[in-house]
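Here are my notes on the model. Please keep the sequence open while reading.

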Amino acid sequence: MLAQRWGVWLGAGAILLAGVFLVRTAVEEGWLGPGPRCGLAGLLGLLLVGAALWLRRVPTRERPTLPWPDQAPAALAAGGVAVLFGAAYATGPLYGLVPPLLGFALLAVAALAGIALALVFGPVVAAIGIAGAYATPALVQSDAPFLPGLFAYLLAVTAAALVVLRQVGAAWLGWAAMAAAAGWTLLGATLSEGGDLWAPALFAPAAAALHLALLPRGALAHPVGKRLAWLPFALLAAALLAGVPWMQGLALASGLLLFSPVALVAAARQKRLAALPWLAALAGLLLLLAWPLPAWQPAEEAVTAGGLVQAILPIHPWPPEALLPFLSVAALLAAMHALAGAWQERRARRPLAWASLPAALPVLVLLVAYARVRGFALDGGWAMAALALAAALTGLAGLAAREGAPKRAGAHAAGAVAALALGAAMLLTDQWLTLAIALLLPPLAWIEGRSGLDALRLVARAVAAVVLARLLLNGEVLGYAFGTAPLLNLLLVAYGGPAAGFALAAALFARRRDDATVALLEGGALAFLAALVVLLIRHAVTGGDIAGEPPRPFLEAGLQVTALSLLAAATRLLDWRLGGRPVLRVGWQALQVVAVLGGLALVALNPAFTDGADLAMTPLLNELALAYALPGLLAALMLRGLRGRVLPRALAFYALLAGFTWVTLTVRHQFHPLNVALDAADVTAAELYAYSGAWLLLGAALLALGIRLGLPALRLAALGAIGLTILKAFLVDMDELDGLWRVLSFLGLGLSLIALGWVYRRFVVVAPVRATAT
């Protein structure tokens with residue numbers, strides 16, 4: 001097979017090289033001039049093509065029977081086409097034996113002859129012809145190229161190539177041909193100026209239409225062909241888009257706009273091309289984004305009274321004439337897709353794909369146009385346009401509902417909600433905008449529940465992500481004006497409203513299916529609630545200046561730790577009442593961990609080591625209780641029914657540490673109410689004795705609680721507190737105390753230890769033994 005098949009092609013290549021070498025030798029030796037050389041080369045090409053045709057017509061019985069097609073005719077034809085193309089190039093551009101236009105015609109004839117011969121000899125000959133046809137314009141030099149003629153020629157070449165390739169069935173040649181067409185479009189769109197841009201601008205959509213019209217019937221039935229059907233369309237559109245940032249006039253914009261009717265017609269004829277209208281829409285949106293708009297500002301007039309400016313009114317709200325082409329193209333883009341979608345959704349086999357066009361594209365076009373023209377500035381006129389769009393989509397939703405098409409109705413209703421959100425963005429700012437967007441989630445969930453349109457869950461996720469980013473990741477939130485009232489301020493609106501919207505939307509979505517959308521909304525509601533609690537505390541402590549420094553930082557820290565602990569407990573209770581929700585379970589654990597970390601930081605940076613003058617004068621209900629006693633007690637209560645090893649142990653350790661810190665600092669505060677810092681006042685003998693007594697009472701309380709609840713861990717904690725007291729007595733009190741205080745210290749310690757032994761024998765050791773004997 002190697003000799004019979006590949007040898008034939010190698011032989012054809014050798015013949016071609018022999019001709020090249022013959023011509024080269026003739027040139028070097030001066031045998032022939034340019035004219036005879038070109039004539040002989042053309043004659044050789046014709047002879048090779050003629051030999052291929054003759055060999056193909058030889059009766060089958062006169063040729064040996066092979067298990068594969070005979071490659072000799074195709075090889076000779078390919079060599080002949082290549083020689084003909086070389087002869088035409090030498091006659092025209094190389095030696096200039098004929099005028100440029102005639103040289104161009106000779107090259108075109110040779111290339112088109114190769115494309116035509118492909119019908120007889122197969123794809124290899126077609127490849128040579130296509131390569132020559134698209135390369136011909138680059139080989140002919142002209143001081144004043146006529147671009148309309150050039151792209152008319154390229155369109156004819158494209159049509160011929162696609163017709164031939166539809167017959168020979170070589171898809172890869174089709175992609176190569178369209179890539180070459182896109183390359184010429186790119187050159188024309190980026191290098192041409194003025195009126196010359198119309199040629200590549202009209203060529204690109206025409207070539208795309210040819211590709212779709214001449215697409216082989218079986219291409220879309222194959223998975224690869226189905227995926228690649230949009231590739232030439234995308235390449236040609238991208239080639240035009242490359243010239244948009246520098247365009248002058250409407251040529252490129254018109255060309256890109258023509259892709260939409262091409263895509264809409266193709267999708268209406270072939271359901272497997274349903275993605276093409278969206279690809280054309282994407283090209284149109286990119287056109288609007290890259291359009292070089294002139295800088296402008298709306299003309300305004302100041303209204304004064306008594307020399308003071310009372311208001312600023314627009315002289316004429318409409319944009320200048322320079323923006324009208326941009327707005328006209330935007331309106332045409334939205335109208336074409338919206339009207340085609342509204343027309344086809346009632347007739348197509350896949351109505352939802354068509355219904356999505358009027359539901360989504362006009363909103364997107366309005367958003368891009370508003371951003372480019374007004375730069376997201378507040379504007380009532382644009383908001384009225386969004387409201388009108390929402391009304392139109394509501395009408396389509398009602399029509400679809402009356403026709404018994406809930407999915408179509410849901411798509412249009414979702415578009416109406418998106419238009420309302422866009423209108424809110426055009427009128428509102430700061431927390432009001434975020435609230436308006438968040439409150440659109442429950443309507444989306446309601447629409448999804450009535451229509452069964454699962455795509456609305458993805459829309460809800462996107463809306464939720466925007467709201468979460470604006471409120472939780474936006475540092476500018478700290479600069480919003482929330483008012484100065486301690487609790488009843490706009491923070492309730494900014495964070496409480498989204499929290500309620502998220503929670504309600506989660507409940508509505510969960511009626512149909514409990515999935516990632518419900519989890520995201522539940523987690524968002526909990527996050528907003530936590531942020532609301534934290535910001536309300538900071539707002540109250542700072543007097544309304546959230547971004548400022550609090551006058552009493554230890555008070556704020558204690559309030560935050562206690563509040564987060566309470567919120568974690570409430571979330572856990574809600575999780576239990578709802579029968580176990582994964583998001584709530586993870587949420588309360590995360591809140592509790594944050595509270596514990598904050599509590600540990602307060603233990604390390606307690607007032608005894610820092611500025612201890614930041615405490616109230618009240619003996620027990622003060623900042624120490626907020627920072628240590630209440631969070632420690634809540635952590636201990638959270639241990640009930642908690643499984644696992646890491647979290648329960650961490651909570652128990654923190655609860656004991658927080659309780660011990662509270663007892664110690666409370667004693668210090670009783671003796672030094674003005675400032676508990678260690679460097680502010682020395683520790684007195686009575687204070688040292690009070691520490692021992694307080695630690696012994698803490699140990700006794702832990703022991704009693706451990707016996708009552710049957711928890712060995714609490715009994716061990718009690719022994720730890722008493723052991724610490726013993727160490728203090730021998731290491732500190734013996735040296736620091738004297739006289740009666742030393743006597744009282746060791747007397748109290750001894751009596752406590754005796755009582756401890758009796759309690760252990762009575763309730764810990766003896767009781768279990770009796771129970772066993774019984």
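1. Start with helix α23. Its buried residues are V583, L584, G587, W588, L591, Q592, A595, V596, G599, L602 and V603. Buried means under 20% relative accessible area, with a 1.4 Å probe and protein chains only. Helices here are DSSP runs of H or I, at least four residues, numbered from the N terminus.

2. What covers these buried residues? The cover includes α21, α22 (553-577), α24 (623-637) and α25 (646-671). Contact means heavy atoms within 4.5 Å.

3. α23 spans residues 582-604, 23 residues in total. From first C-alpha to last it reaches 33 Å, close to the expected 33 Å. The expected span is 1.5 Å times one less than the number of residues.

4. α21 covers residues 516-542 and has 27 residues. Its reach is 38 Å, close to the 39 Å expected. D515 caps its N-terminal end, with a side-chain oxygen 3.2 Å from the backbone nitrogen of T517. After the helix comes G543, with a positive phi near 75 degrees.

5. This is a predicted model: local features need pLDDT of at least 70, side-chain atom pairs count only at pLDDT 80 or more, and totals for chains, interfaces and linings use all residues. Residues are numbered from 1 along each chain as its sequence is written, and side-chain values use heavy atoms, leaving out hydrogens and water.

6. pLDDT is the predictor's confidence in each residue, from 0 to 100. The protein averages 76, and 63% of the residues score at least 70. Helix α12 (residues 276-290) is highest, at a mean of 94, and helix α28 (residues 740-773) lowest, at 49.

7. pLDDT stays under 50 over residues 1-9 and over residues 765-774. Where pLDDT is low, the predicted coordinates should not be read in detail.

Notes
Helix = DSSP H or I, 4+ residues; strand = E, 2+ residues; numbered from the N terminus. Polar contact = N/O pair within 3.5 Å; in protein donor to acceptor, adjacent residues only side chain to side chain. Buried < 20%, exposed > 50% of the residue type's maximum accessible area, 1.4 Å probe, protein only.
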